[in-house]
Amino acid sequence: MSRVLHHHGGGRVVTLTANPSLDRTLVLPGALERGAVVRLGASSTEPGGKGVNVARAVAAAGGEVVTVLPASLDDPIVAALHRLGLPLATVDVAGAVRTNYSLTEPDGTTTKLNEPGTPLDAPTRAALTDALLRAATGAAWVVLAGSLPPGTPVDWYAELVRALRPTGARIAVDTSEAPLLALLAAGPASAPDLLKPNAEELAQVAGTDEAALTADPLALRAAVDGLHAGGVAEVLLTLGADGALLSTAAGERYTARPPRIAVRSTVGAGDCSLAGHLLADLAGAPPVERLRRAVASGAAAAGLPGSAVPTPAQVDSVAASVVAGPLSPAEPAPSAAPVAPAGRDVL
Ligand SMILES: Nc1ncnc2c1ncn2[C@@H]1O[C@H](COP(=O)(O)OP(=O)(O)OP(=O)(O)O)[C@@H](O)[C@H]1O
Ligand SMILES: [Mg+2]
């Protein structure tokens with residue numbers, strides 16, 4: 001199984017990150033105190049933005065990937081991505097790529113301070129669309145992920161899905177709030193082949209609150225059905241520590257739960273889930289195995305610090321204890337309980 005899942009004859013993944021960021025993790029020695037002077041522990045900076053994270057996770061598994069992003073060639077993010085060996089297609093922009101700060105406290109509490117990002121004017125959006133279409137031609141998957149910079153039309157992802165269709169590449173979208181709602185409002189011609197909401201994003205779409213949605217399996221299913229009714233072929237719904245649900249165009253539904261892991265940072269876990277799903281798809285895996293890889297990749301990422309992405313060996317070691325199976329139509333609640341002993345560090 002592992003051997004098959006690590007074979008990537010299946011083609012190129014292209015990611016667009018319209019609003020990239022340098023993700024700077026500031027390690028606090030104690031609880032964050034407003035107004036105080038804080039002596040930080042070792043800090044680190046990694047190139048980020050959801051599309052960049054997905055690309056890093058695909059590349060870490062040996063997959064072929066191209067990252068499309070707006071950034072000037074002398075921007076620090078470009079140097080950082082080159083150091084990671086990620087093939088890039090950049091579109092020059094005037095401003096510097098934003099920095100997002102994660103303030104981490106010893107008890108695991110993380111405070112995120114995200115800059116808004118550099119606005120993209122219409123010519124820059126057109127250049128990004130061209131770069132994306134060029135990279136997408138002959139690719140297996142295109143991933144549109146993350147927020148849109150200030151001033152971007154909220155329906156830009158919908159427009160991009162329509163522009164990308166003639167390339168024949170399948171299209172995955174992971175976004176939230178207005179760009180997500182606009183994508184789904186734009187109709188079936190703009191619907192992606194794969195949508196990766198988390199519970200909060202599905203609640204935004206369903207117009208309900210997250211707690212109500214996750215407490216009611218029937219409401220959860222109805223919300224997923226709503227996505228299919230809007231033309232979304234496949235839905236990978238991630239549910240944090242509860243794992244994920246995969247709902248296919250053929251009406252099959254699977255759930256998978258990760259083992260209990262020692263969580264270090266869930267930043268980027270969802271991006272690694274999406275990457276795991278795509279890599280398994282490229283290796284020809286059936287739906288339940290794609291879901292297992294998605295959940296294992298997300299959980300492995302959550303066990304690593306910052307927005308670090310797991311190696312295939314780390315994903316394998318978690319995948320062995322992921323409990324995955326069909327969600328029976330009669331069964332109201334997501335199934336299986338975790339099998340690993342509480343607190344076991346599986347990495
Ligand atoms: N506490 C946890 N323990 C084990 N696995 C986790 C935990 N949190 C997340 N995961 C794994 O990561 C996957 C994605 O998590 P989640 O649903 O939180 O994504 P997300 O909200 O899209 O994250 P982000 O957008 O920050 O990358 C889950 O399906 C699960 O496999
Ligand atoms: Mg997410």
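This is a predicted model: local features need pLDDT of at least 70, side-chain atom pairs count only at pLDDT 80 or more; totals for chains, interfaces and linings use all residues.
**A walk from the sheet to the ligand**

Residues are numbered from 1 along each chain as its sequence is written, and chains are lettered from A and ligands numbered from 1 in the order in which they are written.

Helices (H or I, at least four residues) and strands (E, at least two) are DSSP runs, numbered from the N terminus. Strand 1 (residues 13-16) and strand 4 run parallel, joined by four bridges; two strands pair if DSSP finds at least two bridges between them. Strand 4 also pairs in the parallel sense with strand 5 (residues 88-91), over four bridges, and here Val 68 stands opposite Ala 89.

Now look at strand 4 (residues 65-70) itself: six of its six residues are buried, so the strand is largely enclosed by the rest of the structure. Buried means that 20 or more other C-beta atoms, placed from the backbone, lie within 10 Å of a residue's own. In a regular strand the side chains alternate between the two faces of the sheet. Here Val 65, Thr 67 and Leu 69 point one way, and Val 66, Val 68 and Pro 70 the other.

Step back, and you will find ten strands in an open, mixed sheet with the order 5-4-1-8-9-10-11-12-13-14. Its edges are strand 5 and strand 14 (323-326), each pairing on one side only. Further along the order, strand 11 and strand 12 (residues 244-247) pair in the antiparallel sense over four bridges, with Leu 236 opposite Leu 246.

Strand 11 (234-238) is also among the elements covering the buried residues of helix 7, as are helix 6 (177-185), helix 8 (210-215) and helix 9 (217-229). In helix 7 (residues 199-206) those buried residues include Glu 201, Leu 202 and Val 205. Gly 207, with a positive phi near 70°, follows helix 7.

Our last stop is ligand 1, surrounded by 21 residues, the closest being Asn 198, Thr 238, Ala 241, Gly 270 and Gly 298 (C-beta atom, placed from the backbone, within 6 Å). Helix 10 (269-282) and helix 11 (287-302) are the elements that give two or more residues to this shell.

Definitions and conventions:
A residue is buried if 20 or more other C-beta atoms lie within 10 Å of its own, exposed if 12 or fewer, and partly exposed in between; C-beta atoms are placed from the backbone. Two residues are in contact if their C-beta atoms, placed from the backbone, lie within 7 Å.
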